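User: I would like to learn how to read the features of a two-chain model. Please take me through one, step by step.

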2 protein chains.
Amino acid sequence: MPPLRSWFNIPRGSHFSLANIPFGIISTPSSKTPRVAVAIGDHALDLEVFAANNGFSALSTIQPHQAVFSQASLNDFAALGRPIHSVVRKYIQSIFVQDTPYPEVLQTNAALQKQALFPLKEIKTHLPFRIGDYTDFFAGMNHAYTCGVLFRGPTTALQPNYKHLPVGYHGRASSVVVSGTPIRRPNGQILQNPSAERKVPVFSPCKKLDIELELGAFVCKSNPQGEPVPIGEAEESLFGVVLMNDWSARDIQAWEYVPLGPFNAKNFGTSISAWVVLAEALEPFKTKAMENDEQVLPYLQEKEEKSVYDIKLQVDLKTRSGASSTMTKTNAKNLVWSFPQMLAHHTITGCPMQPGDLLGSGTISGTTSSEMGSLLEQSENGKISVKLSGGEERKFLEDGDEVRISGVCGSDEEALVGFGECVGRIEPAHELKL
Amino acid sequence: MPPLRSWFNIPRGSHFSLANIPFGIISTPSSKTPRVAVAIGDHALDLEVFAANNGFSALSTIQPHQAVFSQASLNDFAALGRPIHSVVRKYIQSIFVQDTPYPEVLQTNAALQKQALFPLKEIKTHLPFRIGDYTDFFAGMNHAYTCGVLFRGPTTALQPNYKHLPVGYHGRASSVVVSGTPIRRPNGQILQNPSAERKVPVFSPCKKLDIELELGAFVCKSNPQGEPVPIGEAEESLFGVVLMNDWSARDIQAWEYVPLGPFNAKNFGTSISAWVVLAEALEPFKTKAMENDEQVLPYLQEKEEKSVYDIKLQVDLKTRSGASSTMTKTNAKNLVWSFPQMLAHHTITGCPMQPGDLLGSGTISGTTSSEMGSLLEQSENGKISVKLSGGEERKFLEDGDEVRISGVCGSDEEALVGFGECVGRIEPAHELKL
């Protein structure tokens, strides 16, 4: 299929081609109230202003719902359901396409262009959803295997449950932040000498601060408590996908996590990209998940062969010196469980989901060092140094380090479906005042 | 101090004496919109109606904030802060006290009494807070020890971190429900033969459905991300306390929980009592926590010797036969960590808290079987049967079982500070339709 061309200037190589139309929350210097927008090329289209100026005049289905575009989150828009997301996305494509049937709406409406289109570099993006609950999974099998080898050796690297269910845990919703938000290095309890007989922790800034390269999926549909979402209907509950960096304090985690799992090691910050790529825009890039040689139970069996996404992912690390190095290149298909499987598993107990709930994939890694989505894996838990450009090296993150995750689908420079980036910079730990 | 007597009929033995004044969310047959109320004796005082009819005319501090009483949750009232909660509680006490300085407000105002006072048995209570995040701790040291003995034996019963930090994990906020809500038995993956070499789970309704007797504390103050709440200020962040039953699927948990902790075993339902007892009302019942023979780090050291509550707790189990048995009698002082310590630990990484966040204490147990707050402990993980009245017995919960937790402070029948009850009945598991 040839790419959709636009009358609007969408630069070649833009993540936000006409094939994409991702949704986000913006504010502008002249209007600080956050509201809904889509990204298109180097610009954001302010949907509140667009709607208020008859932008949706040719789309009767959305008119009763236009108030959703004035909200400070995508929750209400998401709750309208996948068919409405699709109609809105396709309508916006039709507004921007070269031979638009509606030139009067925007193409020849210079006043509305001026009011509703903002260069991305002049706007502020906000957290796209009011997140009710955030759940993080562990579906990156290469990551699970590599970590298992580090901590338990190769014969028991994957736990017995790993291929039977999408292992996951409840995360902290309140500390999910939008790309660009600085991340403060956490303080906490650390066991300096784990092999000592008497185990007494010290209080310290985290010394093993790490990233986790993940995808996040937002839920758009609620299910009543007690009523599971069948695997065949789970896809309809997924609004769209973002890049995610689930910052992790490995040394805090090692001491605290027995027996109830990671807690403070994960609750100081999780960064997500600002623009949510609709599930529909990712549909052409579906591919097969990693092979699972166990027979999964029927409630996890998908009809579709292709259920994960072929997304090229990259992590770049820029140090205080200003030098930037590519740390990781991998692909989002390195998952053994899909988001529909995660959702079906999550709700099999009757757990109620709500629009705005966030599911994290778990760390996405390939099998070689330069494909691994965490420093834990690359440095073998601090045993070896990862070489950066300019002669620097890292075992874990240092203060001032800026981590930039990017992700994109497709290879046609005029039809990329990309996520933009997910960026965070490490600020030094606070000295504790008691 | 002699009890406060009221011109209003507060039955002897009521949990909701004048010494209490707990807050909740109610609706009534004639007005289905949930709003704020306090419980007083056998009645609820509708604070929306009370405020609208000049009930707060003598309390100028609250007048700019009266809209909080028309909300469907206590979040906005809680966010006003502890000094305001105190002023409102004391003012309501002054309205109801025998020699009220304000008789015209309610005592001699028959019209307002009729409009604003509802018998508790005629109203519906709702979830008191819109819960942002829910965290469950593990601070009941007897419970932790007994479970540790069951799974690992007495020498390593408590993990090395247990006395150094309040172990906790992020729970599922969306499945917290108010007392009275039925609980559907969850389905899930269960490993029937854990000692088999090849570990293959089956799909089954949970066969080890259990209760956890806990307290829950609601947060009323936010802290910015990156900024810990010092232990000395943590008390000011606590709004009040409820009874909690953290329903648990022990067999699902045993298979799923390695390595990231409990997930589906806990996310199908957590019940809390409807009336939130203000921290101020519990102040006279503060007592010393269980002794911790480790020196805790400074950020967890409390100035106050007394930091947990002396609350008599009871669990009753009523089966389908109608027979009721007291399963547990214990006391909330069986905690080794206080809520301020939990909050200080939770935020030491900079994790942001928000009004409406819920902290669970972990299961509260004494040392003998009839003092234990879970069937896991009482039945030694299903090895022995717990005798009920009428010749029945239980290892874990059966369909139709109704669990009733109650809790009360004090012994003066005219000045009890009680929690009412936290009730839930087990409904049979769904047959799964795929």
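Analyst: Start with one pair: B:Arg172 and A:Asp133 form a salt bridge, with the closest N and O atoms 3.5 Å apart. The term requires a side-chain nitrogen of Lys or Arg within 4 Å of a carboxyl oxygen of Asp or Glu. This pair crosses between chains. B:Arg172 sits in the loop between strand E7 (168–170) and strand E8 (176–178) of chain B, and A:Asp133 in the loop between E5 and E6 of chain A. Helices (H or I, at least four residues) and strands (E, at least two) are DSSP runs, numbered from the N terminus.

User: What should I know about the source and numbering?

Analyst: This is a predicted model: local features need pLDDT of at least 70, side-chain atom pairs count only at pLDDT 80 or more, and totals for chains, interfaces and linings use all residues. Residues are numbered from 1 along each chain as its sequence is written, chains are lettered from A and ligands numbered from 1 in the order in which they are written, and side-chain values use heavy atoms, leaving out hydrogens and water.

User: How many salt bridges are there over all chains, and how many between chain A and chain B?

Analyst: The general idea: side chains of opposite charge can pair when their charged atoms come close. The whole structure has 52 salt bridges over all chains. Between chain A and chain B the count is six. One more pair to inspect is B:Glu294 with A:Arg198, whose closest N and O atoms are 3.4 Å apart.

User: Which elements of chain A each supply at least two residues of the side that touches chain B?

Analyst: There are strands and helices in the list. The strands are E6 (134–137), E7 (168–170), E10 (187–190) and E11 (202–205). The helices are H7 (250–256) and H9 (339–347). The largest share, three residues, comes from E7(A). By class, this side of chain A has 33 nonpolar, 23 polar and ten charged residues. Ala, Val, Leu, Ile, Met, Phe, Trp, Tyr, Cys and Pro count as nonpolar; Asp, Glu, Lys and Arg as charged; the others, Gly among them, as polar.

User: How is the size of an interface given?

Analyst: Often as the accessible area lost when the parts come together. Here buried area uses a 1.4 Å probe and is summed over both parts. Chain A and chain B bury about 6100 Å², and carbon and sulfur atoms give 60% of that. In contact terms (heavy atoms within 4.5 Å), 66 residues of chain A meet 66 residues of chain B.

User: How many residue pairs are in polar contact across that interface?

Analyst: The rule finds 40, both residues at pLDDT 80 or more. A polar contact is a pair of N or O atoms within 3.5 Å; within protein, one must be able to donate a hydrogen and the other to accept it, and residues adjacent in sequence count only if both atoms are side-chain atoms.

User: How many salt bridges link the two domains?

Analyst: The count is three. A:Glu280 and A:Lys90 meet in a salt bridge at 3.1 Å, N to O.

User: Where in the backbone is there a cis peptide bond?

Analyst: In chain A, one joins A:Val258 and A:Pro259, with omega about 0°. A:Pro259 lies in the loop between H7 and strand E16 (270–272) of chain A. In chain B, a cis bond joins B:Val258 and B:Pro259, again with omega about 0°.

Conventions. Buried area is the accessible area (1.4 Å probe) that two parts lose on being put together, summed over both.
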